[in-house]
Every structure is written in structure tokens, then in C-alpha cells.
Amino acid sequence: MATLLRDGARLRITDTGAGLAVVFQHGLGGGEAQAAQTFPDGFRRITIECRGHGGSGLGERRPFSFEMFADDVIAAADRLGLDRFVAGGVSMGAAIALRLAYHYPLRIAGLILVRPAWTFSAAPQNMQPIAEVAELILEHGTDKGRRMFAQSETATRLYHEAPDNLSSLLGYFDRPDARAFAQVLANIAGDGPGVSARDAAALDVPALVVGNAMDAVHPLSSAYTLAAAMPNAVFAEITPKARDSEKHFSDLHQQITSFLQTHSNVRSPIPS
């Protein structure tokens, strides 16, 4: 475990395993534990807990953004001596990886995008439930905000269509730092990776894009869209987490393992 201080934020870095370096970022509200659950054993995984997540502090800069989180990843990679690495992540982490691939092309050797929630625009409609939760916490606090959300049309819809999403959203109200973290939720839900479809079409690195059904916050269509836009991407649909969590992670580990074994040569040095 290592730390990196940036703008008053102490960022916690996990570097585990050996071999090909994969910087794999967690989702919004997640942390090291989520990354560890999502990523298979047998490879070197580096996770930088984003500001306000896990053991990392909020720091002094505002607003929170994908640009900020991606720049933090590059600073951590520099600290670890990583010239070139595979970038990946789940949900928010996938958007961070996509931004890295476009804005730092010489540093990124491959992409692993798991359950992407963003494609090519800021504040996508599927992030509206998270923006709604953030607004309720900021305006009404956690107790009243939770009651209001539980009675909302959004919660009713998700209860029937995507119960796993609803559970995650309710969890935001239970965080001990809910009021402070609500600003992170609001900023990131309203942001985007800053990559257009044309930008994605210019990415020439191998990419794996993984999606699943029964997920309103991470629509299967987002994964399709990203995979179709990148010339060297493969798409994989896996068992929905809401249907069978154990099978979901088994499928996911198999897909990531196969991708990394197939593209083990991505560890090649930066071209001169």
C-alpha cells in the first residue's frame, strides 16, 4: 500500500500481483474492495482510490471531474515508474480509462471497460438517478433524503427493472461521509470522459468492453456503443449481476483473463 499527495488529497494506491501492469479503477462510490472483486487473480493490478473514495481524501480542488481523476492516475503511474500500462475499470473506472487512452495515448497499451455508464457525452440520462440522490442528500440530508428517494418514481422503476442499482443508490445515503460525498456524486454524474465517437475511432489499442442486461445505470447499449466505436475492441455480454452475482463475476474474470492472456504483448515499450 502506498500513498500520493495531490492538492491536499492523500490518495491510497494498491499494487498487487506481478507481471503485466493493469491500472484498474473502481466505480463511483467504490474503492479497492470493488476493484479486487472485479479483477481476476494472476495479474498485476494497480488501483488508485479516487478522491473521496476508500482511504483517499477529498483534497482542496473543486469540482471533482474525470479530468482530475485521470490526472491523478497518471501521477500515480509516474510515481510507480509505469511508462506504459493497460488501463481499465468498472463504470466510472471505465470512463477514466477511456479518457486516459485518448489524452495519454503513449501511456496506454490496452483497455478493459467493464459495465460502462458513460459513452461520449456528459451527464447521460442513465446517470440521472445518481444525480437525484446527490441532490436529495445535499438539500435534505440523509434521513429525509432517503425517505423521499424510496418513495420516488425512480426507486419504484429500479425496484422492478434493476434491483442491484437500487441497492447501490440506497447505499449512498448510508455512508458516514454522505454529505461530503454527495458533492462527488453530483459532479461526476454531471461530467463525462471528454472523448467523442471520432476520438474513440482513432484509438488503436486492443480493448475489451463488457456489459450486461438488467442494469439501468450501466445500460448494455453503452457497452455496445463503445465497442462498436473502437476499431480493435471486442464486446462481451455476461450474466447480469442482479440475476446471479457469483456467475457474473466468474464470467467477468474469465473474459478479462482471456483478454490479458491474448494480448500479453501489450507490455511492449513506448514507440520511439
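Q: Does Phe43 count as buried or exposed?
A: In this predicted model, local features need pLDDT of at least 70, side-chain atom pairs count only at pLDDT 80 or more, and totals for chains, interfaces and linings use all residues. Residues are numbered from 1 along each chain as its sequence is written, and side-chain values use heavy atoms, with hydrogens and water left out. Buried means under 20% relative accessible area, exposed over 50% and partly exposed in between, with a 1.4 Å probe and protein chains only. Because Phe43 has a relative accessibility of 16%, Phe43 counts as buried.

Q: How many aromatic pairs are there?
A: Rings of Phe, Tyr and Trp (its six-membered ring) pair if their centres lie within 6.5 Å, and planes under 30 degrees apart count as stacked, over 60 as edge-to-face and the rest as tilted. By this rule, the aromatic pairs come to six.

Q: Why is the pair of Phe24 and Phe39 tilted?
A: The ring centres of Phe24 and Phe39 are 5.2 Å apart, and both residues are buried. The pair is tilted because the planes of the two rings stand at 50 degrees.

Q: Which aromatic cluster includes Phe39?
A: Phe39 also pairs with Phe43 in an edge-to-face arrangement, at 6.3 Å centre to centre and with 75 degrees between the planes. The one aromatic cluster is formed by Phe24, Phe39 and Phe43.

Q: Over the face of which residue does Arg175 lie?
A: A charge sits over a ring if NZ of Lys or CZ of Arg is within 6 Å of the ring centre and within 35 degrees of the ring normal. Arg175, at 3.7 Å from the ring centre, lies over the face of Phe181.
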